[in-house]
Amino acid sequence: MDRITTDLLAEGSIMKGQVDRLLAKGINENLILRDITLSGFMTMDRLVRFIVQKVRDGVYNLSIIDNYDYIYEKVVLEKLAHELDLAFIDLDSLDMDYHLTAKVPLTQLQKHNIIPVFQDDMSITIAFHDPLNIEAEESIQRIFPKKIVKIALSTKKQIASYLHKIALKDSVKDLVKKIKDELNSISSIEEQQEASSILLLIDVVLKTCINSRGSDIHIEPTEKNCVVRSRIDGKLVETFIFEKEIYPPLASRLKLLANLDIAEKRKPQDGRFSTAVGSKEYDFRISTLPILYGESIVMRVLDKEKALVRLEDAGMDSVSYQKLIKGLEAPYGIILVTGPTGSGKTTTLYGALNELRNVEDKVITVEDPVEYRMNLIQQVQVNAKVGLSFADALRSILRQDPDKIMIGEIRDQETLEIAIKAALTGHMVISTLHTNDAISAIPRMADMGIEHYLISGALVAIQAQRLVRKICVHCKVEDVLSSSVLEELEGVFPEDSKFFKGTGCKECSDSGYMGREMICEVLTITDELSTLIAKGAGKDAMLAQAQKDGFIDIFQNGIQKALDGITSIEEILKVAKG
């Protein structure tokens, strides 16, 4: 049995009978404490107070909580800070002053797991993970002999994250120094923008973000710094921190690359550019937005190979794939892909286009913007400035004798009406719609003013999808579900099922996940379902009929992915539980 449970039993804080009952249920003895807190026998607050007291008495080291993923370090440290009359600092809420961190050698900071946070004329505040580390306190006092050292508490993960950023900052300090020297020696703005070292820095940023599997690169000026973040598996991660003075030439050079107006800083702008990163050619879609300290610049990384991804390779299970392909083979009708923003709908559309494109058929798309360029497909870019909306483009497309039409997104009633008419007059139309599940797309179309009989006549299939993170293969271990989760999911999967999770390692940056995959549901419109739609039946009646027809919902699809060991049950509950 684990140390804390043993100590709680010894002190009478929990009863032996409670433990015996849980053991009799087959609960792993190292997870007894988790179930005791979840079931309410002992509140988390009481448990945290117990741990803090033991840390203060020198019985426990703070690292003991690393063995318990359900005891949050932040909660323990906040309580400890309160008991010791110290400040608890959330480092992510600060605009860190990196000039201050440069005053202490990085090796010293890493050795003691500390970071200087701010200073005034009399004192310097240092964020510690372990406030009882006397050696670290003395070491800092020697570096700042004329200042009072004030100790604050921060989580180990946050301190390690900022130390990693400082190390990254150090790795490009020679390049940053070269940029500063170039900027100081060049007077005109035009020459500053042409400075070769800025191009080298852009190359380093792009290469680092792409190598770490980033899908978007965010460059944001703050009051004191210039922050570069990349979106990895749907989550933003800070990659670089530069001095504020690096931002203006960096922003101007990126705008020049994308043929944007570098003098215009008050209006949002959009553009794109292509460049080779390593041995591969990438497209970058760039967007600028005026913010308080400059412009926020976001670059979407468009990997041409991803446009040609097969739907099965994107994680689509064979049953759903066969249903969708059968729908795509229909001579006419409308197929919708639904889901929230960032759920991979566009990738699915391109995957479907990949299945459709051939020499015999004329395939035309209308997109805003055109993300990937594809052969054998005529792609139209929506341009609101010249009055070319989705609806206007669609009207013209129908005069171009198309066989298949792809609409990037149905945003309004007019576009939907034309799409439905096109589907009913012999064209195959595929598009996206923002709804949470497949069934919801039907009442949504009715709400947009389309008659039920038209919907039933045009619809062929609806796919709803989400993206779930895949467990990192390097740190994958079996997961033991708590009794409360097992109760919540009772009857959803067989009793002897095994689930997995990632513990976090260097390969996945301690997240436990690497890469993402689709979970989906495909609703095929059968004759019976079509009749219900035409009658304006409610969602419950339509869902009951769909289930009779063999419909498997997105949650069940996700559970199967968890049973197959691709993702964790925690990720499925977060992403797909209705």
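# Close-up views of a predicted model

**View 1. Four strands in the order 1-4-3-2 form an open sheet with mixed pairing.** The model is predicted: local features need pLDDT of at least 70, side-chain atom pairs count only at pLDDT 80 or more, and totals for chains, interfaces and linings use all residues. Residues are numbered from 1 along each chain as its sequence is written, and side-chain values use heavy atoms, with hydrogens and water left out. Helices (H or I, at least four residues) and strands (E, at least two) are DSSP runs, numbered from the N terminus. Two strands are said to pair if DSSP finds at least two bridges between them. Strand 1 (87-88) and strand 2 (114-119) stand at the edges, each with a single partner strand, so one side of each has no neighbour in the sheet. Strand 1 runs parallel to strand 4 (residues 148-153), and two bridges join them. Phe88 has Leu153 of strand 4 as its bridge partner. Helix 9 (residues 156-171) packs on this sheet, where it touches strand 2 and strand 3 (123-128), and its direction makes about 85° with that of strand 2. Here, contact means heavy atoms within 4.5 Å. Axes are lines fitted to C-alpha atoms, for helices over the stretch in contact, and angles run from 0 to 180 degrees between N-to-C directions.

**View 2. Six strands form an open sheet in the order 7-6-5-10-9-8, with antiparallel pairing.** At its edges stand strand 7 (235-243) and strand 8 (269-277); each has a single partner strand, so one side of each is left without a neighbour in the sheet. From one strand to the next, the twist averages 20°. Strand 5 (residues 214-221) pairs with strand 10 (residues 294-303) in the antiparallel sense over four bridges. Within strand 10, Ile297 is the bridge partner of Ile219. Helix 13 (residues 247-257) packs on the sheet; among the strands that it touches are strand 5, strand 6 (225-232) and strand 9 (280-291). The direction of helix 13 makes about 45° with that of strand 10.

**View 3. Strand 6 and strand 7 form a hairpin with two residues between the strands.** The two strands pair in the antiparallel sense over eight bridges. Ile232 stands opposite Lys235 in strand 7. In this hairpin, Asp233 takes a positive phi near 50°.

**View 4. Helix 4 (residues 44-56) has 13 residues.** At 1.5 Å a residue, helix 4 should span 18 Å, and its end C-alpha atoms are 18 Å apart, which agrees. The expected span is 1.5 Å times one less than the number of residues. The buried residues of helix 4 are Leu47, Val48, Phe50, Ile51, Val52, Lys54 and Val55. Buried means under 20% relative accessible area, exposed over 50%, and partly exposed in between (1.4 Å probe, protein chains only). What covers these buried residues includes helix 1 (3-10), helix 3 (32-38) and helix 5 (73-84). Just after helix 4, Gly58 takes a positive phi of about 80°.

**View 5. The buried residues of helix 15 (residues 318-328) are Ser320, Tyr321, Leu324, Ile325, Gly327 and Leu328.** They cover an arc of only 155° around the axis, which puts them on the same side of helix 15. This arc is that of the directions from the helix axis to the C-beta atoms. Their packing partners include strand 11 (333-338), helix 16 (345-356) and strand 14 (404-407).

**View 6. Gly512 lies in the loop between strand 18 (499-502) and strand 19.** Its relative accessibility is 0%, so Gly512 counts as buried. Not counting residues up to four places away in sequence, Gly512 touches Lys470, Ile471, Cys472, Cys475, Gly502 and Gly504. The C-alpha atoms of Gly512 and Val477 are separated by 9.9 Å, and these residues are 35 residues apart along the chain.

**View 7. Helix 22 (residues 527-534) and helix 23 (residues 539-548) have axes that come within 9 Å and cross at roughly 175°.** The two helices are therefore roughly antiparallel to each other. Angles under 35 degrees count as roughly parallel, over 145 as roughly antiparallel, 65 to 115 as roughly perpendicular and the rest as oblique. Glu528, Leu529, Leu532 and Ile533 in helix 22 meet Ala541, Met542 and Gln545 in helix 23.
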